[in-house]
Amino acid sequence: MNVIDHVRDMAAAGLHSNVRIMSSMLLTMSNNNPELFSPAQKYQLLVYHADAIFHDKEYRNAACKYSMALQQKKVLSKTSKVRTSTGGAASNIQAQSLPSEIEVKYKIAECYTILKLDKDAIAVLDGIPSRQRTPKINMMLANLYRKAGQERSAVTSYKEVLRQCPLALDAIIGLLSLSVKGAEVASMTMDVIQTIPNLEWLSVWIKAYAFIHAGDNQRAINTICSLEKKSLLRDNVDLLVSLADVYFRAGDTKNAILKFEQAQMLDPYLIKGMDVYGYLMAREGHLEDVEVLGGRLFNISDQHAEPWVISGCHSFYSKRYSRALYLGAKAIQLNSNSVQALLLKGAALKNMGRVQEAIIHFREAMRLAPCRLDCYEGLIECYLASNGIREAMGMANNIYKTLGANAQTLTILATVCLEDPVTQEKAKSLLDKALAQRPDYTKAVVKKADLLYREQKHEEGIALLRSALANQSDCVLHRMLGDFLVAVNDYQEAMDQYSIALSLDPNDQKSLEGMQKMEKEESPTDATVELDGDDMEGSGEDGDLEGSDSEAAQWADQEQWFGMQ
């Protein structure tokens, strides 16, 4: 057993720090005396040394050392050709025991990917002949191609992964996200479904994700629910998170939060999807719960985007936009594909008046998640903020045509129509259609109530809001009902509605202002409460929430604990 064998055994045993020191010593000896080790032994040392550096997360250094190993392998290949005629069998045995050149190239690509040098990573992997590519190489290539917008190449690589590993579910999701038909994807897994027992659920699972990536949220919900009810898949965390996410996309905040909470109870260390959960909780005004969630996730891992997004949502809904911007940027640095991080940063930029920068982030979020309506909503809000009504109308019409006439797309189109006096009547018609489909859709209710308030149709507005509140309790709806009741001089019930709104969200400044105005009135008969049209804007799903000074200070106290200062 020679010294190289000892280094190899240490590497296999996971003694990386020991390998790094020893291999460094031996490589220096080899440089000072080239005859000390054979070309094959030097190649092995370089690979083991690079592996140890990679383990220490020095990725640029590791990539350099792996490249040196590949150069040494070329020298080895030339010398082995010369020796083949004399050393036949021994040379073959030695070659088989050497670290794989393909694996070394994969490691280089992995370093480049971590360093966000995607083009360099693709170039390295493209240099591997197709027949020699392992499933993990094809998977990495597929993800890199998709990120670079090379969809056809990505589809080819994902299909190659499935050909070798038909149960690679992430590759299936990748194909479906690139608009490959669910039936075609299912056909690639049919053999394994038919030959292995208890896998009949897989075809239904594929159908569910096909619906998700086609933007058919209701059918996706129904399909996932049918899977989740099956005894063998009941309480599966991944299914629950997917179901929660689809509820969120469909605008059903209540069920989305419920499913996220259920998944979190089953797996207290869950990170996936918690950024959306934290955003929903912050939007609903539960900032204390968001603070606790952020702290818990930072304790689990600060190397994922999710805890940074959650903390950013807390800052955003506490009106601390600069801090929200920083936290969103940090999340994107950790995961450039984090849609929620892009939306957070875009929203912070928009509220800080940096609309053009916000537009860039919303567009990137749209590219990554073309079926998520909140990406389009953010972009439309930016267009409207910069008086780009024509661009906003074009985007809203495109969504309407692409995703169909559902309550969400109708409301988005109506929102833009409300900005133009010429299209006010069209906005009314669109909102009526949206409410006919989903009478409880909060955004549509808010927009319709806002329109009725402008037209001073107070009784209609009160009837609309009472109907909406019959099956749900929402801060903004209670506050708006309070505003309408003030307009018809029903001060006692108005006070009750403001109180309910504040009990749901103690940080809702507009409810507090409404209550304070009423308290200042000397008598109900003298009440002349004036409400600006802007006071009626927003909804329980996208309204701004005011954070109190004490809460902001409390969060600041926690920042050092989160490692933010």
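How many of the 17 residues of helix H3 are buried? Keep that in mind as you start the tour; what you have open is a predicted model.

**Stop 1: helix H3**

Select residues 39-55, which form helix H3. Colour them by accessibility and you have the reply: 14 of the 17 are buried, so H3 is mostly covered. Before you leave, step just past the end of H3 to Lys 57, where phi is positive, at about 65°.

**Stop 2: helices H9 and H12**

Next, select residues 169-177 for H9 and 201-214 for H12. Their axes come within 9 Å and cross at roughly 35°, and the crossing is right-handed. Show side chains to see who meets whom. From H9 come Leu 169, Ile 172, Ile 173, Leu 176 and Ser 177. On the H12 side, look for Trp 201, Leu 202, Trp 205, Ile 206, Tyr 209, Ala 210 and His 213. Colour this contact by residue class and you will find 10 nonpolar residues, 2 polar ones and no charged ones.

**Stop 3: Phe 260**

Move on to helix H15, residues 253-266, and pick out Phe 260 within it. Is Phe 260 buried or exposed? Its relative accessibility is 1%, and because buried means under 20%, Phe 260 counts as buried. Leaving aside residues up to four places away in sequence, Phe 260 touches Val 241, Ala 244, Asp 245, Gly 273, Met 274, Val 276, Tyr 277 and Leu 280.

**Stop 4: helices H17 and H18**

For the last stop, select residues 287-300 (H17) together with 305-316 (H18). The axes of H17 and H18 come within 9 Å, with a crossing angle of roughly 155°. That angle makes the two helices roughly antiparallel, since anything over 145 degrees counts as such. H17 passes H18 in a left-handed crossing. On H17, display Leu 287, Val 290, Glu 291, Leu 293, Gly 294, Leu 297 and Phe 298; they meet Glu 306, Pro 307, Trp 308, Ile 310, Ser 311 and His 314 of H18. Sorted by class, this contact holds 8 nonpolar, 3 polar and 2 charged residues.

Key. Residues are numbered from 1 along each chain as its sequence is written. This is a predicted model: local features need pLDDT of at least 70, side-chain atom pairs count only at pLDDT 80 or more; totals for chains, interfaces and linings use all residues. Side-chain values use heavy atoms; hydrogens and water are left out. Axes are lines fitted to C-alpha atoms, for helices over the stretch in contact, and angles run from 0 to 180 degrees between N-to-C directions. Helices (H or I, at least four residues) and strands (E, at least two) are DSSP runs, numbered from the N terminus. Angles under 35 degrees count as roughly parallel, over 145 as roughly antiparallel, 65 to 115 as roughly perpendicular and the rest as oblique. A crossing is left-handed if the near helix is turned anticlockwise from the far one by less than a right angle, and right-handed if clockwise. Contact means heavy atoms within 4.5 Å. Ala, Val, Leu, Ile, Met, Phe, Trp, Tyr, Cys and Pro count as nonpolar, Asp, Glu, Lys and Arg as charged, and the others, Gly among them, as polar. Buried means under 20% relative accessible area, exposed over 50%, partly exposed in between (1.4 Å probe, protein chains only). The expected span of a helix is 1.5 Å times one less than its number of residues.
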